[in-house]
Amino acid sequence: MAIPNVPPNPAQWKFIWDSPSLPKIDFFCWTLAHNSILTRDNLRRRAMEGPSWCNLCKSEEETADHLFLSCPFASEVWKGVLLLNSDNFELPRNIPNLFQTWSKLSPFGLSKNLHLKNCWLWIPKFICWKLWMERNNRLFKNESCNPTKVIIKVKALLGETLDANSAKKTGKALNREEEL
Ligand SMILES: [Zn+2]
């Protein structure tokens with residue numbers, strides 16, 4: 001796989017692989033950290049024709065940093081999941097920075113509760129994944145949700161993954177293939 005633009009940084013790979021969530025989502029984040037997902041700017045770099053605008057806000061150019069961080073739609077989702085108001089909300093400005101710094105922002109750093117710690121580490125992965133799903137649903141299925149629905153999906157995914165991890169520890173069978 002081509003690795004454009006992003007210099008190797010152990011901190012972001014460590015974040016992605018040391019906080020395993022679901023394999024398809026971890027792999028998606030790894031691809032995202034390489035700036036290799038097929039956002040409109042990357043498609044155009046590969047000489048593929050098409051509109052350049054973001055499907056979520058329909059105003060700015062779609063880049064990974066825009067789609068997952070600075071898009072007003074994404075911003076609503078981050079605020080809703082983190083229960084923040086607009087006055088105290090400032091996300092990292094780009095994807096490498098997000099993955100490099102997220103664990104340091106944890107409010108559960110000193111807690112011994114592994115569930116809370118894991119939950120915090122999964123948040124950026126799950127938000128990016130659900131924003132990507134929303135973008136693709138709009139593009140390929142002509143279906144759209146508002147930010148509130150995406151927030152609910154992210155929280156549901158957090159709850160399901162926590163339950164799955166607990167079930168794994170207690171030996172219950174898991175069905176990892178189900179649609180999350
Ligand atoms: Zn946008």
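Select Ile25, Phe28, Cys29 and Leu32 in α2 together with Lys125, Phe126, Cys128, Trp129 and Trp132 in α7: these two groups meet, a contact being a pair of C-beta atoms, placed from the backbone, that lie within 7 Å. By class, the residues of this contact of α2 with α7 are eight nonpolar, no polar and one charged. Here Ala, Val, Leu, Ile, Met, Phe, Trp, Tyr, Cys and Pro count as nonpolar, Asp, Glu, Lys and Arg as charged, and the others, Gly among them, as polar.

This is a predicted model, in which local features need pLDDT of at least 70 and side-chain atom pairs count only at pLDDT 80 or more, while totals for chains, interfaces and linings use all residues. Residues are numbered from 1 along each chain as its sequence is written.

Next, display the axes of α2 and α7, which come within 10 Å and cross at roughly 85 degrees. Axes are lines fitted to C-alpha atoms, for helices over the stretch in contact, and angles run from 0 to 180 degrees between N-to-C directions. The two helices α2 and α7 are therefore roughly perpendicular; angles under 35 degrees count as roughly parallel, over 145 as roughly antiparallel, 65 to 115 as roughly perpendicular and the rest as oblique.

The axes of α1 and α2 are 9 Å apart and the packing angle is about 170 degrees, so α1 and α2 are roughly antiparallel. Gln12, Ile16 and Trp17 of α1 make this contact with Asp26, Cys29, Trp30 and Ala33 of α2. Its residues comprise five nonpolar, one polar and one charged.

Now centre on Ala33, in helix α2. Ala33 counts as buried because 22 C-beta neighbours lie inside 10 Å; a residue is buried with 20 or more other C-beta atoms within 10 Å of its own, exposed with 12 or fewer, and partly exposed in between, the C-beta atoms being placed from the backbone. A distance drawn from Ala33 to Asn97, C-alpha to C-alpha, reads 9.5 Å, although the two are 64 residues apart in sequence.

Move on to Asn35, in the loop between α2 and α3. Asn35 is not a glycine, yet its phi is positive, about 55 degrees. Asn35 is buried, since 21 other C-beta atoms lie within 10 Å. Compare Lys58, in the loop between α3 and α4, where phi is near 60 degrees, again positive in a residue other than glycine. Lys58, with 11 C-beta neighbours inside 10 Å, counts as exposed.

Then select Ala74, Val77 and Leu131, the residues with the most contacts inside the largest nonpolar core, which has 33 residues. Such a core is a set of buried Ala, Val, Leu, Ile, Met, Phe, Trp, Tyr and Cys residues joined through C-beta atoms within 7 Å. The largest share of this core, seven residues, comes from α7. Not counting residues up to four places away in sequence, Ala74 touches Leu56, Leu67, Phe68, Leu69 and Leu131.

Finally, show the whole chain, which has eight helices and zero strands. Helices (H or I, at least four residues) and strands (E, at least two) are DSSP runs, numbered from the N terminus. Of the 180 residues, 28% count as buried. Colour by pLDDT, the predictor's confidence in each residue, from 0 to 100: the chain mean is 83, and 86% of residues reach 70 or more. Among the elements, helix α3 (residues 40-45) has the lowest mean pLDDT, 80, and α4 the highest, 94.
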